[in-house]
Structure formats: structure tokens, C-alpha cells
Amino acid sequence: MKIKFDTKSLLLSIITFLIGIPLTLLLLEGTLRLKNMSMNNYEIEMWRYAKELKNTSQDPILGHEHKPSSVSVLQSVEIRTNRLGLRGPDVVLDPRKPSILFLGSSITLGWGVPEKETIAAQTERLLRKDGFDVTVLNAGVGNYNSQRYVQLFLTKLKELHPTDIVVHFFLRDAEILEPGRGNWLLRNSHLAVTLWNLYQQNLMAKKGISVEARYREIYNPSHPGYQQMVASLAQLSDYAKRNQIRIYLAMTPDVHNLKEYPFGFIHENMAGLSKKLGYQYIDLFPSLKGLTPQQVWSMPGDPHPNSYGHLKMAEALAPTLEREMFNNTKPHNLNIN
């Protein structure tokens, strides 16, 4: 028995299939873009942040840096950068007055928090309220670790000549971060980003390693990321000592679980390291202890501290800054090496 093929029908089916795939993908892309216009998708908003406010850096250690003098509305909050890529307006610093520079990642930047309600801005407001004529600058950059924000300061921000530097340290700052190369699809497609994030989440779930176990591995002194973090903080400390800059390490907790907090071992580790390297250590966990996600998360699904969380951290930090600035009246050395 012979089987007859209808060449015309087969060709039509192939053409329909080939046309249907891109049309379906375009439909899905358009649907996601309409849905994400609400700015409530954390992953997409972070993707937009990288696309609209970051440049690839010529410095391989930095990987990326903020676009200078730029502005974007992300997660319904305006984020603007000045000429140096710091969050906020351009400022002219008075060398006769103290200035505090915050170094850190997206929590320091104030992801999901208005500019005037970040830890840097609220710290400035508290200090000024108590009579300190001080300027506080926010050098937080998303997806930075200790190596990156120390490198940022040493290569691009020394000209600010701060009297004080606050390392706004977070658990992830000891992780090794690979340069974000991406590809055309991940740079331009909501659908591609969504599928990639689902793949990554599924991959992590299959590995079956708890977050606590992963951090215990990272904070082992033999881990390359931990060693890299220690070396960077030591480098900043050495620079600060040579230039009479007061330095602080403000230990920021993970806000997923502030009632039965599992990362106390990291705080103890960083307290000891801070003492060894000459940092004033401030543990911010007690100021947030016991708060629920509803009280402190930037939005559901985004465990960055909200404005209230930033206020509580600023209130915990300000007394130490005041004490150090009040007791140390030695003139600031402007001969930067």
C-alpha cells in the first residue's frame, strides 16, 4: 500500500509552524511588558536598573558602574545619580566640614526606597538634628561586593576626601561575583529574563543546599570569596589609616527571618575581623530584630529593607558616628596618597 504525501499541505504546515513560533513569542513578550508596567516584578525592575542606570566598566574588577548624571524610575521610585555615579545630587564639599561616604551594594543604594529615606540620607538628617554640620554621600551600587566597592573608592572616589567611611556590609559581600556579560536576549527581552530566572531558581532548588549552609561555606577562612573580602577591607583600612579617615563597618542583617535569625555566626565573624582591621563595628541586627516582612520588606517578593528599615538602621548607626566625630577633633588630612 502506497502512502501519498500532499507536498503542498506539508509545506503550508511548516510555514504556519515557523510563523507561529515568533508570533507566539512576540505575544508573550508583549503580555509580560504590559504586566510589568506596574513595576511590581522585582526581577524585571532589577533588569531595568542594570539596563538604564549601569554601564559596563573598563575596570574588570568593578564589572559595571553607575551611569553618571542619570535618572530612572524603578520599582515606582526615582533613582538619580550625580556626576560621580553616587545616588543623589551633585554636591560641593567643604574641606573644613566632616563628610561621610557610604560604600555598599543595593541595600546601601536604597533599592525601592526614595532618595531622602535611604540610610545615608536619614543618617545625615539625624546628625544635623543633633548639631553636626555634615554631608553624607551614598556610593551604593547594586550587585557589588566588598572587592568592588573598595575598588570603586580607591579608583574613582578618593577625590571626595571623606573624613569618615561607612562600609555598609551585607552577607553577600563575601561572595565572588562574575562579570555580568549577558547576551542580546537577556539585555532586551522580558520573556528571556523571566525564563532565565525560573531556570536559575529551579537549578538552585535541585542542588538542595540551604542558604545557611552556603554561607557557612563562604565564611570559611579558606574560601576564595572570604579571602578576597578580607584583602579588600584590609586595603581600605590601610588607606584610611594613612589619610586619617575614620572607618566603620555597619553589619546589615538578612531580613528574610528577623525572628529566628540564622546568620549570627557571620555577625560574630565580622565583629572579630573589624576589630582586627581597625574598623568601628556596628551591628544593625538589634535595630531590626523581630520585625516581620510586612514591616520591613520593600515590597512582597523583594527582601530589601524599606524606608522604615533604613530609618531603624540609621538610628542604630548615628550614635557611633556622633561619638567618633565629637571625640576626634584632629584636622582632616587632605594630602591624599
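Contact here means heavy atoms within 4.5 Å. With that in hand, start on the whole chain. Among contacts between residues at least 6 apart in sequence, 75% join residues at least 24 apart.

This is a predicted model, in which local features need pLDDT of at least 70 and side-chain atom pairs count only at pLDDT 80 or more, while totals for chains, interfaces and linings use all residues. Residues are numbered from 1 along each chain as its sequence is written, and side-chain values use heavy atoms, with hydrogens and water left out.

**Stop 1: the whole chain**

Show the cartoon. There are 13 helices and eleven strands. Helices (H or I, at least four residues) and strands (E, at least two) are DSSP runs, numbered from the N terminus. Now colour by burial. Buried means under 20% relative accessible area, exposed over 50%, partly exposed in between (1.4 Å probe, protein chains only). Of the 337 residues, 47% count as buried.

**Stop 2: helices 9 and 10**

Select residues 224–242 for helix 9 and 264–277 for helix 10. Their axes lie 10 Å apart, at an angle of about 35°. Axes are lines fitted to C-alpha atoms, for helices over the stretch in contact; angles run from 0 to 180 degrees between N-to-C directions.

Helix 9 brings Tyr-226, Met-229, Val-230, Leu-233, Ala-234, Ser-237 and Lys-241 to the contact. Helix 10 answers with Asn-269, Met-270, Leu-273 and Leu-277. By class, that is eight nonpolar, two polar and one charged. Ala, Val, Leu, Ile, Met, Phe, Trp, Tyr, Cys and Pro count as nonpolar; Asp, Glu, Lys and Arg as charged; the others, Gly among them, as polar.

**Stop 3: the core**

A nonpolar core is a set of buried Ala, Val, Leu, Ile, Met, Phe, Trp, Tyr and Cys residues joined through side-chain atoms within 4.5 Å. The largest one has 76 residues. Select Phe-169, Tyr-219, Leu-233 and Met-270, which touch the most other members.

Centre on Phe-169. Beyond its neighbours within four places in sequence, its contacts include Tyr-219, Met-229, Leu-233 and Met-270. Ser-146, Tyr-149 and Thr-252 are also among them.

**Stop 4: the aromatics**

Rings of Phe, Tyr and Trp (its six-membered ring) pair if their centres lie within 6.5 Å; planes under 30 degrees apart count as stacked, over 60 as edge-to-face and the rest as tilted. The whole structure holds eight such pairs.

Pick Tyr-215 and Phe-263. Their ring centres are 5.5 Å apart and their planes at 85°, so the pair is edge-to-face. Tyr-215 sits in helix 8 (residues 211–218) and Phe-263 in the loop between strand 8 (246–252) and helix 10, so the pair ties together parts 48 residues apart in sequence. Tyr-215 is buried at 3%, and Phe-263 is buried at 5%.

With Phe-263 it makes an edge-to-face pair, 5.7 Å centre to centre and 80° between the planes. Tyr-261 is buried at 16%. Then select the cluster: Tyr-215, Tyr-219, Tyr-226, Tyr-261, Phe-263, Phe-265 and Phe-285.

**Stop 5: two threonines**

Go to Thr-118, in the loop between helix 3 (106–109) and helix 4 (119–129). Thr-118 is buried at 2%. Leaving out residues up to four places away, it touches Arg-87, Leu-109, Gly-110, Val-113, Asn-138 and His-310.

Move to Thr-123, in helix 4. Thr-123 is buried at 0%. What does Thr-123 contact, leaving aside neighbours within four places in sequence? Phe-102, Ala-314, Leu-317 and Leu-321. Last, draw a distance from Thr-123 to His-310: 9.1 Å, C-alpha to C-alpha, across 187 residues of sequence.
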